[in-house]
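Please look at the sequence and the structure before reading on.

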There are 2 protein chains.
Amino acid sequence: VFELNRLPHPATVRGVRLAVASAGIRKAGRTDLCLIDIAPDSTVAGVFTQNVFCAAPVIVARDHLQDSQPRLLVINSGNANAGTGQIGLQDARDVCAAAGRILGCSERAVLPFSTGVIGQRLSAAKIVAALPQAISDLAHERWEEAARAIMTTDTTPKCFSVEVVCSGRRYTVTGIAKGAGMIKPNMATMLAFIATDAAIARPALEGLVKAVSDRSFNRITIDGDTSTNDSCMVIATGQTAPTERLTETHADWAGVSAAILDVAAQLARAIVRDGEGATKLVTIDVRGGTTVDDCLKAAYAVAESPLVKTALFASDPNWGRILAAVGRSGVPGLQMSALAISFDDYPIIQAGEPVAGYDEAISAKIMARDEFSIGIQIGAGAAQASVLTCDFSLEYVRINAEYRS
Amino acid sequence: VFELNRLPHPATVRGVRLAVASAGIRKAGRTDLCLIDIAPDSTVAGVFTQNVFCAAPVIVARDHLQDSQPRLLVINSGNANAGTGQIGLQDARDVCAAAGRILGCSERAVLPFSTGVIGQRLSAAKIVAALPQAISDLAHERWEEAARAIMTTDTTPKCFSVEVVCSGRRYTVTGIAKGAGMIKPNMATMLAFIATDAAIARPALEGLVKAVSDRSFNRITIDGDTSTNDSCMVIATGQTAPTERLTETHADWAGVSAAILDVAAQLARAIVRDGEGATKLVTIDVRGGTTVDDCLKAAYAVAESPLVKTALFASDPNWGRILAAVGRSGVPGLQMSALAISFDDYPIIQAGEPVAGYDEAISAKIMARDEFSIGIQIGAGAAQASVLTCDFSLEYVRINAEYRS
């Protein structure tokens, strides 16, 4: 039994301090560096992109996380340090080493993260030059500034806080994330950082970050492109009840893990809501599959179809595009006679036949909402899965045809 | 040994007559009906969409083709007769029955094809009303008119003729096709009809249509959306040498099959060239895979990535998007150290490292061409495969956000 409350403003997390700086990585004057300082005795776990050609910072952070106690996360926007070869790895390590020298810790206690353009060398020197001042600026209250510093094509910062009370103990969870393109996370999304003042044992935290990602960031798509830099980190500082570290059997586990999932789900939703050029957020809810994977396969086929996404943009109830996407999704055993499609709860197709008296004007009205759901029944199975997506607008093309210029 | 010539104008094929008409299916006055009349003793083979929710005419045509000698193909644009349930099947059969009555043949000798909007009832009555006049208009010279009649969002008709001379015998192959959206054919593209005056045995023709489709229509993508209506038919009238039907062992097989493939490849290329909103045609050429399927998997990941396609539109050599797409493609055994990327023959990445002295201005110049190729080396394997794609433009979104209105 626990009580979970979403907070209206970002809440500080005891044991976590943040700072931002303008390192001039891509454009002078742009806030493009973010530090997250983690108190000793915290536990940290993360998941990273499954893209084979992952970025240099992903390789380095994953390596450092194996055997060290992270003290500092160094995050830059403006340059992904991906596709940069051996020199890119060296650049990421140089940043860690410089931060370690200032803090008096091992370079392996520093984890690097990057987001931005792929294929251009990251200037480690610019980041290193900005580190001393930034480290002296570290403070508990800078969550919103941090959320702004990691933005690329995002139009709004993404920062959410949740408070959960379990058996009289109060825990805080605050997280930040950034989108807004190359978003079809596979294990984690492009840069999300969540912290709690709960104490959580490292193995339990590792299981939790994976489970939470699978139910939040790994269920969204903007353009179907899994980034080279996706990383999601969860930090548990233990400053609430440092003497006992939670595991799955603890009485507070349900409340704390629900709070972390809630923050992750809010961040994931905010990323799609702010998808490049997106004008609406659409839930693709697939039921009746034999397995969750089958449901996801059908859901992603619809969620990523350019024809469906442009129809969403136009609020055009051209549901034939949905039917066609499910039909090509490759889910085994699909049968037209089992297919049902609805917009919110308004039925369009049932048992494979157009519903008598169907009124296209009602569908168009539902699609004009800025959030709605497409329900798809693909069979008589018990599995269900849903995916969040957005529309493809003229602005999407404009943004991505002009992103680098 | 054979001599193959591409002809500058559509050539008639002895044994094939065509007609077009305005049946008023979607818009009054639009030419939206096309008939292809096939002389007795021809052989006909076809491949159809693998989309599970295939259209009513696909179900009927596939069924009729099993045991009958096709005499007439009836093709309408403006309405796909897909997602229309049992009544849609009846509408398709009603058209076949009406044509059979006029021609004095079985309804099973008539094959229906439809293209256009999904999910709206097709007016069989309008087509039936237009049939008598159209049938009396049948003529050998109407290939180009036929190509125009089957267009939907296409901006140009697609019609190609090839002549091949084998051991003194002259064969003609003429084909028509239409695109230009919901194009990622799986077994065949949305409506292609190819005819030759060669005589070809039915089993050999069935193998040929599949092999030809796999090497032409099944290697193109515009939007990754496999249509519900894809159909490719090859007609062999045998009016050149009717007494001997070609099979794979005949001396003329190589020449005739090369001619049919050449027409199919020209049609497939023309479909991508005319892709919705497309401004350029790009070949994604993947080498070094263990299998052709692995190469295709990587090629389609790049060819369908919205981020890659918007960069193509902008002529922006943002090759990181290509690297990211290959990295998420799911091809087993990918290693950064084996990756190479080039634009036409200009190298960008070799052995996983950025090429020294790389000049982005040269890449931008190549991308500004209206046709170019992206070469991707994914390993040391012997397999190769290429896919044709196009860019994603502002016009693409405009067309698909407004298509039905």
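**Exercise 1.** Find how many salt bridges cross the interface of chain A and chain B, and then describe the side of chain A that touches chain B.

*Solution.* The rule, which asks for a side-chain nitrogen of Lys or Arg within 4 Å of a carboxyl oxygen of Asp or Glu, finds 2 salt bridges across the interface of chain A and chain B. In a salt bridge with an N to O distance of 2.5 Å, the side chain of Arg328(A) meets that of Asp225(B).

Turning to the elements (helices, H or I, of at least four residues and strands, E, of at least two, taken as DSSP runs and numbered from the N terminus), at least two residues each of the side of chain A that touches chain B come from helix H2 (85-103), helix H8 (306-314), helix H9 (320-327), strand E14 (353-354) and helix H11 (394-402) of chain A. H9(A) gives the most to this side, with 7 residues.

Sorted by class (Ala, Val, Leu, Ile, Met, Phe, Trp, Tyr, Cys and Pro nonpolar; Asp, Glu, Lys and Arg charged; the others, Gly among them, polar), the side of chain A that touches chain B holds 26 nonpolar, 20 polar and 10 charged residues.

**Exercise 2.** Count the residues in contact between chain A and chain B.

*Solution.* With contact taken as heavy atoms within 4.5 Å, 56 residues of chain A are in contact with 56 residues of chain B.

**Notes.** The model is predicted, with local features needing pLDDT of at least 70 and side-chain atom pairs counting only at pLDDT 80 or more, whereas totals for chains, interfaces and linings use all residues. Residues are numbered from 1 along each chain as its sequence is written, chains are lettered from A and ligands numbered from 1 in the order in which they are written, and side-chain values use heavy atoms, with hydrogens and water left out.
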